[in-house]
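Here is a friendly briefing on a ligand site and a handful of charged pairs. Take a look at the model first, and then we can walk through it together.

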Amino acid sequence: MSQHATPSSSDKSATEFDAIIVGAGVGGLYALHRLRGLGLKVGVFEAASDVGGTWYWNRYPGCRCDVESMEYSYSFSDELQQEWQWPERYGTQPEILRYVNHVADRFDLRRDIRFDTRVLAASFDSADNQWTLQTDRHGAVSAPFCIMATGNLSTPRVPDFAGLESFKGNWYHTGLWPHAGVDFTGQRVAVIGTGSSGVQSIPLIAAQAKHLHVFQRTANFTLPARNAALDPSAERRHKAEYAERRQAAFNTPFGISGHPPPVKSALEATREERDAAYEEKWAEGGSISFLYAYNDLLVNKAANDTAADFVRNKIRATVKDPAVAELLLPNDHPIGTKRLILDSNYYETYNRDNVTLVDARRAPIEAITPAGLRTTEAEYEFDAIVFATGFDAMTGALLEIDLHGTDGASLKDKWADGPRSNLGLMMAGFPNMFLITGPQSPSVKAQMILACEQHTDWIVDCLEHMKANGMARIETDQGAEDAWVAHNNEVANSTLYPQANSWYMGANIPGKPRIFMPYVGGFDRYKRTCDEIAAKGYEGFTLTPAKTRTLADA
Ligand code: NAP
């Protein structure tokens with residue numbers, strides 16, 4: 001590696017590393033495990049007090065993964081995947097966090113992680129090929145390689161409502177939930193937001209609160225999860241086939257096995273056939289299976305309408321008050337173009353006497369008041385307000401760090417018109433910095449743990465290649481990055497995705513550039529592209545050998 005990175009690294013001080021990883025969520029932990037395997041001295045810096053990332057922070061009631069537990073787990077260790085037992089079809093947040101902690105212990109990862117440490121800034125010294133990171137607790141730390149495992153949904157966002165500081169009750173953000181939990185018994189509660197976090201938490205908060213007001217700005221599509229205890233015989237079968245299933249998952253568009261790709265257009269089926277197909281998927285539960293009913297649901301609006309109408313009819317059939325049902329009907333985006341939510345008893349919750357749905361589109365929230373909140377139409381009094389208002393997704397965590405690449409160029413300037421990267425793995429002007437599931441990689445459109453593994457494996461292969469060839473520095477060419485961004489946009493624009501005001505588009509943050517951020521060409525196609533680029537000697541990347549220091553460098 002560089003003249004600073006030696007395999008033994010015994011000469012390094014406590015603040016010098018061969019590689020620094022920012023973040024100890026599922027991505028950072030696997031990166032630590034693999035980089036250690038290269039014999040590198042690795043330092044991980046994590047803002048939280050423990051491992052888990054998303055699953056550390058999001059402790060709101062009802063928080064659960066929308067990917068099935070047998071799939072949403074690491075594939076790198078067969079012992080691990082055989083020994084771990086998931087109790088339910090979809091893992092709850094506590095269960096997934098327990099799993100991540102088990103992985104950290106089983107692979108002895110904690111000793112290299114500095115918790116409660118936020119990385120504030122990072123800058124690259126071109127002469128030395130060295131990244132220096134400023135942290136809030138451990139001063140400056142440095143390494144030739146930097147891996148940003150900062151997550152895609154890790155910057156919670158409370159809208160800029162006037163008066164929040166005046167509120168006399170308690171308020172919470174779903175992504176920053178108190179570890180001790182919250183008891184809403186007997187309370188008047190508001191939930192603002194009806195994305196995945198709102199939809200998952202609303203039924204549980206409603207069951208506890210004296211009265212719950214849900215402030216909905218945009219109605220979203222949600223499907224029944226059909227969560228249940230995992231059937232032991234199904235689990236045994238899955239485990240017996242784990243190796244083949246993981247291999248298969250790497251070759252699917254979403255990184256999830258068990259869903260044969262559809263071959264037929266929704267428009268080729270009769271109405272009766274379609275309804276029977278959607279009914280079967282509705283009963284089965286799960287979003288991929290539903291969107292896989294036909295092959296054109298995400299690319300053809302007329303096809304999409306057939307699935308959207310089916311779900312709208314289900315909402316009408318479930319919610320007893322027709323006016324409430326009408327308000328819950330999503331009508332401003334094709335189904336699946338925003339994250340398709342999975343729920344347990346969401347629509348049924350609006351049949352409860354203690355739940356009121358408020359149309360925050362017709363009457364937007366104007367301010368938080370000492371007693372509650374005010375919309376353009378009315379004043380409300382609450383003991384607690386829950387912000388299920390989402391995240392500065394995909395770019396927020398990286399842009400919170402004052403990042404500077406070659407010649408001091410800042411990431412904020414580079415991304416002023418939206419994120420740009422090559423493969424979501426590297427950014428031109430930021431040598432030796434790798435992103436785990438960065439923008440323009442499949443990331444949130446794939447099974448995230450597999451996506452993290454795929455990125456890390458690519459990075460580890462790259463570092464091994466560099467070591468074998470005496471290279472100290474790798475950076476993506478500007479042309480390759482431009483071509484990848486153009487390809488990313490072209491693929492997104494051939495689908496219905498850009499039609500939705502989603503966080504995929506940056507649309508949930510006022511002023512954020514509108515660019516479709518995840519790669520939707522398919523995880524399988526993406527992985528093949530990454531592998532081909534590596535096989536061609538890292539085509540589109542420039543690798544530079546370690547140089548001997550000369551007086552001119554001093
Ligand atoms: P989200 O999908 O961005 O939803 C935020 C909600 O807050 C939206 O309903 C939004 O309305 C509303 N909102 C924002 N500002 C508002 C305002 N000023 N007034 C009224 N309403 C406002 O965030 P999320 O629910 O936290 O989910 C984010 C992502 O995290 C999900 O899409 C998913 O990928 C992931 N997630 C996954 C799971 C799971 O695995 N099951 C669970 C939770 C989260 P508008 O739509 O009108 O902007």
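Lys512 is a buried residue, with a relative accessibility of 15%; buried means under 20% relative accessible area, exposed means over 50%, and partly exposed is in between (1.4 Å probe, protein chains only). The model is predicted, so local features need pLDDT of at least 70 and side-chain atom pairs count only at pLDDT 80 or more, while totals for chains, interfaces and linings use all residues. Residues are numbered from 1 along each chain as its sequence is written, and side-chain values use heavy atoms, with hydrogens and water left out.

**Salt bridges**

- A salt bridge here is a side-chain nitrogen of Lys or Arg within 4 Å of a carboxyl oxygen of Asp or Glu, and the count comes to 30.
- Lys512 pairs with Asp392 in one of these bridges, at 2.6 Å from N to O.
- Lys512 sits in the loop between helix 16 (478–493) and helix 17 (523–535) and Asp392 in the loop between strand 19 (384–387) and helix 13 (396–399), so this pair ties together parts 120 residues apart in sequence. Helices (H or I, at least four residues) and strands (E, at least two) are DSSP runs, numbered from the N terminus.
- Glu279 and Lys314 form a salt bridge at 2.7 Å, N to O.
- That pair links helix 8 (residues 271–284), which holds Glu279, to helix 10 (residues 301–318), which holds Lys314, 35 residues apart. Glu279 is partly exposed, at 37% relative accessible area.
- Arg137 and Asp116 form a salt bridge as well, with their closest N and O atoms 3.8 Å apart. Arg137 is exposed at 54% relative accessible area, whereas Asp116 is partly exposed at 33%.
- Asp50, Asp105 and Arg110 are joined in a network of salt bridges.

**Ligand site**

- Around the ligand are 24 residues, of which Arg64, Ser197, Arg217, Thr218 and Trp503 come nearest; a residue is near if one of its heavy atoms lies within 4 Å.
- By class, this shell has nine nonpolar, nine polar and six charged residues. Ala, Val, Leu, Ile, Met, Phe, Trp, Tyr, Cys and Pro count as nonpolar, Asp, Glu, Lys and Arg as charged, and the others, Gly among them, as polar.
- The ligand lies between domain 1 (19–155 + 393–553) and domain 2 (157–220 + 338–390), because both give residues to its shell; the bounds come from an automatic or database domain assignment.
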